[in-house]
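Please open the model in your viewer and keep the sequence beside it, so that each stop on this tour can be selected in turn.

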Amino acid sequence: MTANISRAIYRTLPSRVQSIARTLWQAIPWTKSGRHLRWVRGTYVDFGRQQRRQFFLGAARFLHINRPIEGYYFEFGCNEANTMRMAWDSFRYLFDFTYVGFDSFEGLPEIEKIDQQLIWEKGKLAFAEERFISTCVNHGMPRERLQTVRGFYDRSLTNELASRFAPKKAAVIYIDCDLYVSTVSVLNWIPQFLQPGTVIMFDDWNCFAADPDKGERRAWREFLQANARLRFEPFISTAEGQAFICIGVD
Ligand SMILES: C[S@@+](CC[C@H](N)C(=O)[O-])C[C@H]1O[C@@H](n2cnc3c(N)ncnc32)[C@H](O)[C@@H]1O
């Protein structure tokens, strides 16, 4: 009865007030929605964060034990700088990496047929380059340690760009650009930056319900087939990601 009256009153409220009422209601710990929200924000979200931290700290541990493996931290797919900040937190006290973020800073490109999924559309995940940089700098990254390369990979990842970064190699390559097509462009560009010990980390390994004929899994399989001289060992695996260690480049 009381619940019915509350619901009837709730329906008469303007949508902004409804949204505030909903937030307040969910914050009450002893209600069903309060318990739900606490579990999602606490246990579930924390689990995701911890797994990602393990991913990065695992790479840090490997690289430190096997030092010297120095060079770049390359990140393909920068968005809100969550992983760039985590990379900085995980590596800053152990290594002198130069951190490079590659992104369109205009979000996803046109979605090709092979990458179509309800969640993705052109322009989604756009985050301005200046905002990305200030997010990193406000987090404590010295500005001179961070570089950005703006543009869609099929046009930005050129030989000319590669010679700008050569001859230094990459210590870590973080690939978080969601799509098969984007990952193909990235993988085609990185071979000259590989050295024994480079860690390649795929953030979206289990996208497309882990279908091996889609996304990063497919791009990686094709890359291995086309580059038999490059050898890798599987490394850390999480609910979302998969890392590999480069063990040979010829
Ligand atoms: C999931 S977000 C990255 C999240 C980020 N690592 C973080 O932790 O905040 C994917 C990013 O990949 C970028 N991206 C995807 N395909 C791209 C392409 N072909 N060229 C350039 N950027 C691309 C998008 O702009 C987006 O910022």
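Begin by selecting Asn-79, which sits in the loop between strand 1 and helix 4 (82-91); helices (H or I, at least four residues) and strands (E, at least two) are DSSP runs, numbered from the N terminus. Residues are numbered from 1 along each chain as its sequence is written. This is a predicted model, in which local features need pLDDT of at least 70 and side-chain atom pairs count only at pLDDT 80 or more, whereas totals for chains, interfaces and linings use all residues.

Although Asn-79 is not a glycine, its phi is positive, at about 45 degrees. Is Asn-79 buried or exposed? Asn-79 is buried, because 21 other C-beta atoms lie within 10 Å; a residue is called buried if 20 or more other C-beta atoms lie within 10 Å of its own, exposed if 12 or fewer, and partly exposed in between, with C-beta atoms placed from the backbone.

Next, select Phe-208, in the loop between strand 5 (199-202) and helix 9. Phe-208 has a positive phi near 55 degrees and is a residue other than glycine; it is buried, with 20 other C-beta atoms within 10 Å.

Now move to two proline sites. A cis peptide bond, with omega about 5 degrees, joins Arg-67 and Pro-68, and Pro-68 lies in the loop between helix 3 (32-65) and strand 1 (72-76). Another cis peptide bond, also with omega about 5 degrees, joins Ala-166 and Pro-167, and Pro-167 belongs to the loop between helix 7 (159-165) and strand 4.

Then colour the largest nonpolar core, which has 53 residues, and pick out Ala-59, Val-172, Ile-175 and Met-201, those with the most contacts inside it. Such a core is a set of buried Ala, Val, Leu, Ile, Met, Phe, Trp, Tyr and Cys residues joined through C-beta atoms within 7 Å. Strand 4 (residues 170-175) gives the most to this core, with six residues.

Finish at Met-201: leaving aside its neighbours within four places in sequence, Met-201 is in contact (C-beta atoms, placed from the backbone, within 7 Å) with residues including Phe-55, Tyr-174, Gly-241 and Ala-243.

Definitions and conventions:
Contact = placed C-beta atoms within 7 Å.
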